[in-house]
Structures are given as C-alpha cells and as structure tokens.
Amino acid sequence: MTTTESNQTQGRRSGRRDRAAAAPVAGSAGAVEVTNARKVFNGFEAVSDISFTVPAGSFTTLLGASGSGKTTMLRLLAGLERLDGGTIRMDSTVVASARPATHVAPEARRVGFVFQTFALWPQMTVFDQVAYPLKVRRQRERLRERVRDALALVGLAELADRYPSELSGGQQQRVSIARAIVYEPKVLLLDEPLSSLDAELREYMCYELQRLHRRLGLTMVYVTHAQSEALTLSDQVIVMARGKILETGTPRQVYERPKCLETAGFVGGSSVLRGVVAERSGQDGVRVRLDCGGQLWVSPRGVTGDAAVGAAVALAVKPEDLAVAPDGADRNCLEATVEAVAYVGSHCDLSLELGGERFRARTSKSTDANVGDGIRVRVDQEAIRLFPA
Amino acid sequence: MRTRVGAWRWVLALVVIGYFLVGFVQLLLASSAVSLVPYYTVTDGNPLRTLTLDGYRAELNSSLWAAVSSSLVLASAVAVLTTGAALLLSFVAFKTRLRLRRAVEAIATVPVALPPVVFSVSLLITVLFVPGLVVAYGTDVPLVIASVIVFLPFAMRIIASATIQVGDELLEASRVSGARWLRSMVTVMVPLLGVAITNAAIFVFVQSFRELGAVVLLISPSQILLPVKIFSSWEEGEVTSVAVLNVLSAVIPLAVLVVVFSARRLFGAARRARARAASTVDHVQTEVRGA
C-alpha cells in the first residue's frame with residue numbers, strides 16, 4: 001500500500017471518529033482491568049485468582065499451553081463465561097463481578113471477538129456477516145460504506161457476495177476479523193485466530209494483525225500457545241499455566257530474562273540442566289557443577305535467588321545460545337553426544353546427550369555432525385538463566 | 001467411499017421392494033379397491049363388473065369437505081405450534097445454561113411413554129370440571145393442545161439432534177456482535193435448522209392429520225375430523241365409506257409431502273446456482289487480472 005493511499009484511509013477513518021465523538025467514547029478508551037478473576041468448571045479451577053491490566057490501545061497476549069486457562073480468561077472478558085470470583089473493569093466501569101453479582105451481557109460489552117474456528121454463519125454472504133453487527137446495533141446509517149471499509153481493511157472488498165464455504169481459510173479468518181471490528185469496538189479479543197491456518201499464511205496474517213493494530217489503535221487481547229506469535233505481536237506478554245499467571249512483561253523480558261524456570265522452558269524452548277553451585281565470584285558470576293558432568297559459568301545478571309555455594313540449582317539454556325566450540329576454547333564447553341540432527345536450511349537443530357541429560361542446540365547450517373558423534377559445544381555465559389531448583 | 005455390497009444387492013433390493021409393496025402399495029390398492037365397490041363382499045365372481053365411483057360421490061355429498069378442511073387446519077396448526085415449541089425447547093435444553101435445561105428435555109420426552117388417549121381423557125376432565133374452562137369444550141383449542149403434547153417428543157428428537165450439531169461459537173459470535181439470545185436464535189439457528197424444521201413440521205402434520213387417540217374423546221358432535229369420521233363409519237359398518245376416507249387420508253398428506261419436498265429441492269437448487277454464479281464471476285475476474 002502506498003503512502004498516499006494509507007493517508008487517505010487514515011483521513012477517512014479519523015473523519016468517522018469525529019462524527020462518533022458525540023458518543024461517550026474517549027480517544028484512549030479500551031483499558032481492561034482484571035482483579036482476582038476466578039472461574040470454576042465442575043470443581044476444576046480453570047482460572048484461579050488472576051489479576052492484570054491491559055493498557056488502552058495496547059496489544060496484550062495471553063500465552064500458555066493448552067489447559068492453562070488463557071481461553072477461559074478471554075471468554076470471561078467477552079462475557080461468554082460468568083465470573084466465580086473477582087472483578088473485570090473496562091474503562092473503569094465494572095462489566096463483571098462475582099460479589100456483588102454483576103454480569104454485563106456479551107452483546108452489551110462493545111467488544112469484538114475473533115474465534116479460533118472463525119465462527120462464520122454458513123447461510124450468510126460475506127457482506128451480510130459483516131453487516132450483521134451494525135444491523136443488530138441499529139447503526140443503519142452508512143451501513144454499506146462501513147461494511148465495505150471493514151472488508152477493504154482486511155483486503156476482501158471483492159468477495160462481499162461469497163458464502164463462507166467458497167472462501168479459503170485465510171479469507172474466512174479475515175472475514176471474521178472484519179465482522180469483529182466493523183462496529184468499532186473498544187476492545188478486540190482474539191482466540192488463537194491463526195492456529196487453524198497453514199504456516200505461510202500464519203506469518204502473513206501476523207503481519208496483517210500488526211498493521212490492523214497500528215491502523216485502528218484499539219486495544220487487542222490475543223490468546224495463543226505459539227510463542228513466536230506472542231513475541232512478534234505484543235506490547236505485553238502474560239505467560240499463563242494452570243489457571244495462574246507465571247509472569248508478565250515485554251516480549252524481550254519474558255524471552256531473555258524469564259523470572260522462573262517454567263517460563264524459560266515454555267517461552268524460550270530452553271533445555272534444563274541441573275547442578276550444584278560450586279563457586280561464587282563477584283565478577284565472573286556463579287560456577288555450577290552439572291549433575292550430568294561438566295561445569296558452566298553463569299554471569300551475575302542471569303542469577304535468580306541467592307545461589308549460595310552448595311545450593312541445588314537449575315540452569316535454563318536456550319538452543320540458540322549453544323554453538324559448536326571453536327578450537328582451543330575451554331570455558332563453558334561441554335562434551336556431548338549427538339542424538340539427532342535436523343537440518344532446517346537456515347540452521348541445524350541438534351539433540352544432544354550428556355550423562356543422561358538431553359538438551360537442544362541450534363547451530364549454524366554448516367555444522368557437520370552425525371548421529372553418535374561426540375561434539376564439543378560452548379554455552380554463552382551471558383545467556384544462561386540460573387534458578388533455585 | 002461407498003460400500004460395494006456384491007451379491008447381497010439382490011437381497012437388499014428384495015427387502016426394499018418388499019417393504020414398499022407391503023407398506024405402501026398394498027395399503028393404497030386395498031383401500032382403493034374397496035372404495036370402488038358398492039358394498040364389501042368376499043365371494044363376488046368378477047369384482048370388475050361392479051366397480052363404481054358411487055362411494056366417492058356419496059362421500060362428496062356428505063360432510064366430507066368439512067372433515068377434510070378442519071383436519072387440514074388442525075394438522076397445520078399443530079405442526080406449526082409443535083415445531084415452534086420443539087425449536088424453543090431444544091434451544092433451552094442444548095444452547096443455554098438455565099438450571100431448568102435438563103428438566104426441559106425430560107418433560108418433552110415423557111409423553112412418548114403414555115398412550116395419546118390418556119392426554120385426551122385428562123384434558124377432557126380438566127376442561128369439563130375446572131370452572132370457566134368449559135367454554136373451550138367443542139372448540140379446536142383442547143384438540144390442538146392434546147396433539148401438540150403428543151407430537152412434541154417426536155419433533156423435539158428431530159430438531160434437537162440438529163441443534164446439537166450447530167457449533168456453540170456460531171451463537172456466541174452473534175452475541176458478541178450485539179444480538180440478544182432470541183435474535184441470535186432466529187437469525188443464526190433457524191436458517192441452519194431449515195431441513196430439520198421442515199422435516200419435523202411435515203412429520204407432525206402428516207401424523208396429526210390421521211391421529212385419532214389424542215382427539216377422539218375431546219371432540220364434540222358438532223366437530224368433524226377425518227380420523228373420527230373413519231372411526232364412526234367403521235362403527236356403522238360402512239366399509240366402502242371407510243375405504244374412501246382411507247384413500248383420501250393417505251393421498252392428501254402425500255400431496256403435501258410432494259409439494260414441500262419439491263419446493264425444498266427447487267430452493268436448494270436456486271441457492272446452489274447463485275453460489276456457483278458468484279464463484280464463476282470471481283474465477284473470470286481472476287483470469288482477466290492474470291492476463
């Protein structure tokens with residue numbers, strides 16, 4: 001898209017904003033605040049005592065494995081589930097609360113929701129799907145224009161007369177996004193919107209979502225189990241497990257400086273090596289004797305907890321922080337056996353074994369290793385994270 | 001893949017044809033044959049010589065049309081009300097979280113276990129003995145109520161199984177789009193259940209057109225319905241008359257079936273053609289753009 005084009009579209013959109021200014025919607029609308037949220041399904045606590053805030057206009061990701069409670073949390077925000085404890089506020093207004101019991105129905109919350117399965121209505125054309133939210137909200141003024149704008153925004157203006165069954169997966173997902181944004185909700189909630197698309201399309205849609213977020217400036221809450229999506233898209237990543245929040249931070253924080261071993265394992269795909277602190281030095285950091293043999297230095301920045309000499313610790317090592325050791329190198333090197341080699345093109349993924357421990361290394365594409373070979377790898381001292389075991 | 005049945009196809013064909021002959025052709029032939037003779041007898045030498053349309057003429061002159069039209073009206077009303085109720089109850093039972101939802105399903109199933117005449121009797125007692133309700137006696141209201149109760153479980157089975165197949169997220173998408181539950185049900189569910197809804201309506205219509213048990217005790221002498229007329233003609237020993245009415249009460253629902261199914265086919269074909277046209281246009285556009 002050229003600059004002129006984008007400027008024109010920007011102008012049109014801001015014009016609409018001006019007309020809508022009579023409605024009590026501030027420019028910075030869309031802040032979400034969750035306090036002690038709890039949701040129980042038949043005795044199973046899907047969401048237990050979660051609190052977080054989503055700044056207005058931000059892109060926040062709830063990242064977690066399946067069963068971590070992230071989708072339930074999103075459905076609580078939309079009003080599709082009722083809270084069993086805690087409070088949810090949108091723009092300082094309570095939309096859901098367990099005590100006193102308050103539950104603003106989903107249709108009254110002014111949120112857009114994009115479903116994992118797209119949830120398009122098979123009997124309606126693309127145009128009708130996108131017009132539906134405007135019709136039920138009795139916003140018939142400039143309806144055709146607004147539907148067209150929304151479809152143009154997702155690049156589907158020409159397919160307005162199609163039925164969902166005549167669209168590809170990516171097109172269907174874009175229809176469902178257009179339907180969710182057409183009435184200009186304050187908050188857009190997305191439940192794993194890319195997981196049913198193939199890899200190439202996923203990457204493209206990731207970029208499209210970023211573009212949409214910049215263009216519309218609305219608050220987005222995005223649920224995914226794919227760390228790459230979370231890191232690429234978010235201003236804020238909330239890592240969840242077992243219905244709780246493990247940690248919250250920027251993508252760089254949760255990836256490079258995770259606060260716990262579980263985040264390190266999930267977000268960075270880190271391998272875990274266990275050992276005992278052998279030595280502490282102010283400058284060099286901590287020397288750890290590994291249970292599987294060998295030893296590693298951890299820089300002071302990477303240490304969480306006191307790591308007293310003799311304490312049992314766990315080291316999180318990301319695959320890309322291991323490399324084949326150059327000749328003559330000694331410090332932070334490990335002698336391992338190659339268990340599996342996956343040549344990916346841009347790099348090599350090695351699965352290594354050392355004294356019964358398995359860990360992964362992402363080495364350069366020129367790595368010439370065969371299964372069963374002995375290999376000397378060096379671990380980047382600055383990148384290792386140390387946690388109390 | 002379709003299964004190949006090999007030599008079994010002869011056996012299967014026999015079963016299908018046999019069922020058709022016994023269940024359908026036999027019924028129509030027997031009734032038609034009897035309806036065309038002046039009186040029923042077993043030992044007639046050549047029945048063809050006595051064939052006559054007198055039976056039909058006699059019936060047409062009597063109160064037949066009143067019976068047919070009130071049966072049609074009653075069956076239509078029962079079909080619409082039963083299908084509507086089944087739709088609403090299926091929605092409550094499978095697409096809401098009301099506490100009552102399990103009870104709804106149970107209550108809608110119970111009438112299967114009871115003979116229709118039971119409802120007839122209980123409704124009759126209620127109408128006659130509860131003060132004020134007696135005005136309903138002799139009207140169509142108790143007949144409709146009894147029939148709806150009797151047929152609800154069947155309509156419910158048909159519609160509920162289709163309701164379950166509609167993904168929850170289709171309704172949820174409607175809710176977050178800003179629609180309340182009733183509108184979501186009407187605009188999202190009902191079109192998707194089109195086939196199940198017409199099936200249920202046809203089933204109830206055809207059944208209630210000839211159902212006797214639910215209505216036989218509630219009917220007053222001033223009301224005439226086809227099944228009741230058949231029953232009373234039989235009581236009076238007018239076999240030809242019974243046969244004539246029998247043929248009519250088979251042919252009329254059949255005609256309705258044919259009309260509804262043809263309409264549905266045409267509607268479906270039109271929709272498919274429209275969809276095909278849309279995709280062809282796009283195909284051409286793509287080619288033009290490519291060139």
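## Helix H5 of chain B

The buried residues of H5(B) are B:Phe119, B:Ser120 and B:Leu123. Around the axis they cover an arc of only 100 degrees, which puts them on the same side of H5(B). These buried residues pack against helix H6 (141-165) of chain B. On the other side of H5(B), the residues B:Ile125, B:Leu128 and B:Phe129 are exposed. The model described here is a predicted one.

The length of helix H5 (residues 116-129) of chain B can be checked against its residue count: at 1.5 Å a residue, its 14 residues should span 20 Å, and because the end C-alpha atoms are 20 Å apart, the two values agree.

## Chain A overall

Chain A has 389 residues, of which 38% count as buried. Its secondary structure comes to nine helices and 21 strands. Taken along the principal axes, the C-alpha atoms of chain A fill a box of roughly 75 × 50 × 40 Å. Considering contacts in chain A between residues at least 6 apart in sequence, 65% join residues at least 24 apart.

The domain assignment divides chain A into domain 1 (27-256) and domain 2 (270-388). Between the C-alpha centres of domain 1 of chain A and domain 2 of chain A there are 39 Å.

## Paired strands in chain A

Strand E12 (residues 271-281) of chain A pairs with strand E13 (residues 285-290) of chain A in the antiparallel sense, over six bridges. One of the bridge pairs is A:Ser281 with A:Gly285, the latter in E13(A). Three residues lie between E12(A) and E13(A), and the two strands form a hairpin.

E13(A) is also joined to strand E14 (residues 295-298) of chain A, by four bridges, and this pair runs antiparallel. Here A:Arg289 stands opposite A:Gln295 in E14(A). E13(A) and E14(A) form a hairpin as well, with four residues between the strands. In that hairpin A:Gly293 takes a positive phi near 105 degrees.

## Contact between chains A and B

At the interface, 23 residues of chain A are in contact with 18 residues of chain B. On the side of chain A that touches chain B, the elements giving two or more residues are strand E7 (111-114) and helix H3 (126-136) of chain A. By class, this side of chain A has 14 nonpolar, three polar and six charged residues.

Technical notes
Residues are numbered from 1 along each chain as its sequence is written. Chains are lettered from A and ligands numbered from 1 in the order in which they are written. This is a predicted model: local features need pLDDT of at least 70, side-chain atom pairs count only at pLDDT 80 or more; totals for chains, interfaces and linings use all residues. Domain bounds come from an automatic or database domain assignment. The expected span of a helix is 1.5 Å times one less than its number of residues. A residue is buried if 20 or more other C-beta atoms lie within 10 Å of its own, exposed if 12 or fewer, and partly exposed in between; C-beta atoms are placed from the backbone. The arc is that of the directions from the helix axis to the C-beta atoms. Two residues are in contact if their C-beta atoms, placed from the backbone, lie within 7 Å. Ala, Val, Leu, Ile, Met, Phe, Trp, Tyr, Cys and Pro count as nonpolar, Asp, Glu, Lys and Arg as charged, and the others, Gly among them, as polar. Two strands pair if DSSP finds at least two bridges between them.
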